[in-house]
Amino acid sequence: MLIDCHLHDSKYSCDSHMTLPEAVKRAKEIGLDAICMTNHDNNKLRNDIGDSAMIDGVLVIVGSEILTHEGDILVFGLQDLPNEKTSAEELLTLVRRNNGVAIAAHPFRNNNRGLGNNIRRLSGLLSAVEAFNGSTLDDHNLESYRLARELNLPIIGSSDAHKQDRVGRFATFFEDTIRDHRDFVEAINHANYYPVMNKAGGFVLP
């Protein structure tokens, strides 16, 4: 299955210029099977569609992108998010305690919102690294890729799209069948996946 694991919709992320229906439409056009809506510091989309829903043939999974003191982390399977900004270690421990998964988002992006080399001390608590992010410079993505490989951490690709035309720039190919948010969490833990990029109308290895 092809999944874009990191998108934002305009209803719950103020910096996004894309509605959920627009994201779904674009995902369907380019052949994605699912998208993950990971709005900034909230999972309020759960109030609209639940933890996951099939919308116009595309599975939509609700997560969140949470800014910790060290940087952004994508979390899934955590229903009650922290009320205040916390450390990465505290958030990752909370996610693990609730049987969720946590992914380092754009670790080396040059806006001070990535975990960067903090991943070294947090690697035992992370589920994966977003080494291919469609809104991050190639050099910074490669730096994330090299560190993830060095630490033997699984790697995902995603668009981090805030606009419709950015959906699916990178995505992740999962060998497992994913029917809902529970399957997604389990698949991330299985680590039977790899990043892909959208090139010339198809998805290929980056």
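Tutor: S52 touches L59, V60, I61, D180 and H181, leaving aside residues up to four places away in sequence. Keep in mind that this is a predicted model.

Student: Which strand does S52 lie in?

Tutor: S52 lies in strand β3.

Student: Is S52 buried or exposed?

Tutor: Buried means under 20% relative accessible area. S52 has 19%, so S52 is buried.

Student: Which side chain makes a polar contact with that of S52?

Tutor: The side chain of H181 does, at 2.8 Å.

Student: Now the sheet. How do I read strand pairing?

Tutor: Start with the general idea. Strands of a sheet pair through backbone hydrogen bonds, either parallel or antiparallel. Here the sheet is open and has seven strands, with mixed pairing. Read across, the order is β3-β4-β2-β1-β10-β11-β12.

Student: Which are the edge strands?

Tutor: They are β3 (52–55) and β12 (202–204). Each pairs on one side only. Neighbouring strands of this sheet are turned by 35 degrees against each other on average, direction ignored.

Student: How many bridges join β11 to β12?

Tutor: Three bridges join them, and the two strands run antiparallel. β11 covers residues 193–199.

Student: Which strands does helix α6 lie across?

Tutor: Helix α6, residues 181–190, lies across β1 (2–7), β2 (34–37), β3, β4 (58–62), β10 (170–174) and β11. The helix runs at about 85 degrees to β10.

Key: Residues are numbered from 1 along each chain as its sequence is written. This is a predicted model: local features need pLDDT of at least 70, side-chain atom pairs count only at pLDDT 80 or more; totals for chains, interfaces and linings use all residues. Side-chain values use heavy atoms; hydrogens and water are left out. Two strands pair if DSSP finds at least two bridges between them. Helices (H or I, at least four residues) and strands (E, at least two) are DSSP runs, numbered from the N terminus. Axes are lines fitted to C-alpha atoms, for helices over the stretch in contact, and angles run from 0 to 180 degrees between N-to-C directions. Contact means heavy atoms within 4.5 Å. Buried means under 20% relative accessible area, exposed over 50%, partly exposed in between (1.4 Å probe, protein chains only). A polar contact is a pair of N or O atoms within 3.5 Å; within protein, one must be able to donate a hydrogen and the other to accept it, and residues adjacent in sequence count only if both atoms are side-chain atoms.
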